[in-house]
Amino acid sequence: TDGIIQARVGINGAYGLYTNETGTITAGKINGIISAIAGKNLAAGLYANQSITIGDVNGTISASANSNAYGLRSLDDSITTGAINGTISAIATGDSAFGIYANNSIITGDVNGTIETSAYSNAYSLRTYAGSIKTGLIDGIISAVADTNSAYGLYSNTTISAGNIHGAIS
């Protein structure tokens, strides 16, 4: 993707790329911009019920909503990316922002760019529910900011395995 994909809705449900039921998302490098903006609830740059597999992120994937903003979201499976050299951003003016959120595992290449989340409450840059997180070298920035409750750079209920960390996790 070298161009611009933008989804904008006044109330609920904006998705840059979306699959439902047994759907998966597979894409090469993301060099352009994928943006989802919801006036109230639920915005996701990429959203799949099953797996998401993409190449390097050299551009921008962003989501903005009052609540439940996701850069990348796999509801029932895993997310695999190449190197993250660009930006993955999720901003919720209310509750819950997730840069990358998978029910199972998250595997990324090197993180040379930025994964950032901001919310009034509950900000997670990388979050798994039932699986592990594995990253390559972290030479960029992973940032989670919440005004009131719960901010996590990387959060897993099982294991986290990262390459060398030369950048910042805050």
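In the predicted model, Thr 108 is in contact with Thr 81, Gly 82, Ile 84, Ile 100, Leu 126, Lys 134, Thr 135 and Gly 136, leaving aside residues up to four places away in sequence; contact means heavy atoms within 4.5 Å. Thr 108 is located in the loop that runs between strand 11 (106–107) and strand 12 (114–128). Helices (H or I, at least four residues) and strands (E, at least two) are DSSP runs, numbered from the N terminus. The relative accessibility of Thr 108 is 6%, so the residue counts as buried. Buried means under 20% relative accessible area, exposed over 50%, and partly exposed in between (1.4 Å probe, protein chains only).

Residues are numbered from 1 along each chain as its sequence is written. Because the model is predicted, local features need pLDDT of at least 70 and side-chain atom pairs count only at pLDDT 80 or more, while totals for chains, interfaces and linings use all residues, and side-chain values use heavy atoms, with hydrogens and water left out.

Leu 46 belongs to strand 5 (residues 41–48) and has a relative accessibility of 0%, which places it among buried residues. Not counting residues up to four places away in sequence, Leu 46 touches Leu 17, Ile 25, Ile 34, Ile 52, Ile 54, Ile 61, Gly 71, Leu 72 and Arg 73. The C-alpha atoms of Leu 46 and Ile 100 are 9.5 Å apart in space, and the two residues are 54 residues apart in sequence. Ser 89, in strand 10, is buried with a relative accessible area of 8%. With residues up to four places away in sequence again left out, Ser 89 touches Ile 61, Ser 62, Ala 63, Gly 71 and Glu 116.

The protein chain contains 17 strands and 0 helices. Its radius of gyration is 14 Å, close to the 15 Å that the globule rule gives for 170 residues, so the chain is as compact as a globular protein of that length. The radius is taken over C-alpha atoms, and the globule rule is 2.2 Å times the number of residues to the power 0.38. Along the principal axes, the C-alpha atoms fill a box of roughly 40 × 35 × 25 Å. Of the 170 residues, 48% count as buried. Among contacts between residues at least 6 apart in sequence, 77% join residues at least 24 apart. The chain exposes about 7000 Å², of which carbon and sulfur atoms supply 46%; accessible areas come from the Shrake-Rupley method with a 1.4 Å probe, and for residues only the protein chains shown count as cover.

The structure holds 10 aromatic pairs. Rings of Phe, Tyr and Trp (its six-membered ring) pair if their centres lie within 6.5 Å; planes under 30 degrees apart count as stacked, over 60 as edge-to-face and the rest as tilted. The ring centres of Tyr 70 and Phe 98 are 5.1 Å apart with the planes at 10°, so this pair is stacked. The pair links distant parts of the chain, with Tyr 70 in strand 8 (residues 67–74) and Phe 98 in strand 10 (residues 87–102), 28 residues apart. Tyr 70 and Phe 98 are both buried. Tyr 70 also forms a stacked pair with Tyr 101, at 6.2 Å centre to centre and 20° between the planes. Since Tyr 70 lies in strand 8 and Tyr 101 in strand 10, this pair ties together parts that are 31 residues apart in sequence. Relative accessibility is 9% for Tyr 70 and 11% for Tyr 101.

One aromatic cluster is formed by Tyr 70, Phe 98, Tyr 101, Tyr 124, Tyr 152 and Tyr 155. The charged end of Arg 73 sits over the ring of Tyr 101, 4.0 Å from its centre, and that of Arg 127 sits over the ring of Tyr 124, 5.4 Å from its centre. A charge sits over a ring if NZ of Lys or CZ of Arg is within 6 Å of the ring centre and within 35 degrees of the ring normal.

Most residues other than glycine have a negative phi. Asn 68, which is not a glycine, has a positive phi of about 60°. Asn 68 is part of strand 8 and, at 24% relative accessibility, counts as partly exposed. Ser 96, also not a glycine, has a positive phi of about 75°. Ser 96 lies in strand 10 and is buried, with a relative accessible area of 8%.
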